[in-house]
Amino acid sequence: MLPDTSRPPTAAAPLVTSDRGGVVESEHRGHLVVTAPDGSVTASAGDPAAVVYARSALKPLQLAGLLDAGLWPQEPGGDDEARRRALALAAASHSGQDEHLGGVLAVLAAAGLDERALRNTPDQPVHVPSAAVRIARGEGPSSLAQNCSGKHAALLSACVALGWEPGTYLDADHPAQRAALAGIDARAAVVRGAAGEPVVSVDGCGTALPRTCLADLARAYGALAAGRGGDGAPDPAGARVAAAMRAHPHLVGGQGRESTAVMAGTAGTLDAVAKDGAEGVFAIGLPDGRGAAWKIADGGARAHRPLAAAVLAHLGASPALLAAMAPGVGEQPVLGHGEPVGALAAVAGLLG
């Protein structure tokens, strides 16, 4: 569904509150939508048609576009363990722990490259203890340690495999960028200008960044998790991405990360696919084709945990399953002198 950018958006709705002593101290507003397998909206708060930068929640769709273009053709017996790890890291906003950095180096090495080929913005790991170790060793920010290095290693791998110039892979008109953008557009229609061209900005890591409708993002994740396109036809590339993310949720995020907790915690039950994006974006898909997505208006990520619990409960997760998924999902206590005096929680009755 093409987003209608001509109409004013519906006001953001209260999604999560933080109460202290029974009084609401803070409130996170935003937009949330749940979609059925047929793409219809079944529940929402705020504006389900809000047009957003989905940021790193687009990575699985970008990766599917690279696979569509010819990156890493699937062997007759299916993806082996090394390939599944590479796919998971390519869809990741990893925490920069040792297994993440080692995995990205392995992907680069398989393409005959090393970390010097990476052009993503240097940073320290998201994982605070890993960042502290690097700093204590005198190591500054690096492209390898930055959370998007897996995606960039996949872009570079596509350049090597498909004969594209790797040194300019971040240029907006580079074939790798066009393939990644096509992967998004095929699964969650991007906003286009008057002449019909995609309107893009630049993401924090340097890749092209389009805008999408929030409901389309939810639909795309439902379809991704189901291994099909929006038209119901099989989507082999999307299915491979979803399978790899489910197989290695710890590579997609990391210790204590919400996306990892949702996928690891629902393995064998809901079998969700989940991914976060900067500035308060999160998306979930289920194998039956249902999807959900939200955008926190203030860009804060702390609302993800209670919202993930509320959405998963709405999608069928039992209280026992949700309790077993912590940390990473669920209400968070608000402390007073080290003792709980309130909670950060989804608004009561948010999804009916």
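Q: How many helices and strands are there in the chain?
A: In this predicted model, the chain contains 12 helices and 12 strands.

Q: How is the radius of gyration of the chain to be read against the globule rule?
A: The value is set beside the one that the rule gives for a chain of 352 residues. Here the radius of gyration is 19 Å, close to the 20 Å of the rule, so the chain is as compact as a globular protein of that length. Along the principal axes, the C-alpha atoms fill a box of roughly 60 × 50 × 40 Å.

Q: What percentage of the residues in the chain is buried?
A: Buried residues account for 53% of the 352 residues. As for contacts between residues at least 6 apart in sequence, 64% join residues at least 24 apart.

Q: Which residues of the largest nonpolar core touch the most other members?
A: This core has 95 residues, and those with the most contacts to other members are Leu32, Trp72, Leu217, Val262, Ile284 and Trp294. Helix 7 (residues 214-226) gives the most to the core, with 8 residues. Leaving aside residues up to four places away in sequence, Val262 touches Ala272, Ala274, Phe282, Ile284, Ala308, Leu312, Met325 and Val329.

Q: What describes two packed helices?
A: The angle between their axes and the distance between the axes describe them. For helix 2 (residues 81-90) and helix 8 (residues 236-247), the axes come within 8 Å and cross at roughly 95 degrees. Helix 2 is therefore roughly perpendicular to helix 8. Arg83, Arg84, Leu87 and Ala88 of helix 2 make the contact with Arg240, Ala244 and Ala247 of helix 8. The residues of this contact comprise 4 nonpolar, no polar and 3 charged.

How values were computed:
Residues are numbered from 1 along each chain as its sequence is written. This is a predicted model: local features need pLDDT of at least 70, side-chain atom pairs count only at pLDDT 80 or more; totals for chains, interfaces and linings use all residues. Side-chain values use heavy atoms; hydrogens and water are left out. A nonpolar core is a set of buried Ala, Val, Leu, Ile, Met, Phe, Trp, Tyr and Cys residues joined through side-chain atoms within 4.5 Å. Buried means under 20% relative accessible area, exposed over 50%, partly exposed in between (1.4 Å probe, protein chains only). Helices (H or I, at least four residues) and strands (E, at least two) are DSSP runs, numbered from the N terminus. Contact means heavy atoms within 4.5 Å. Axes are lines fitted to C-alpha atoms, for helices over the stretch in contact, and angles run from 0 to 180 degrees between N-to-C directions. Angles under 35 degrees count as roughly parallel, over 145 as roughly antiparallel, 65 to 115 as roughly perpendicular and the rest as oblique. Ala, Val, Leu, Ile, Met, Phe, Trp, Tyr, Cys and Pro count as nonpolar, Asp, Glu, Lys and Arg as charged, and the others, Gly among them, as polar. The radius of gyration is taken over C-alpha atoms; the globule rule is 2.2 Å times the number of residues to the power 0.38.
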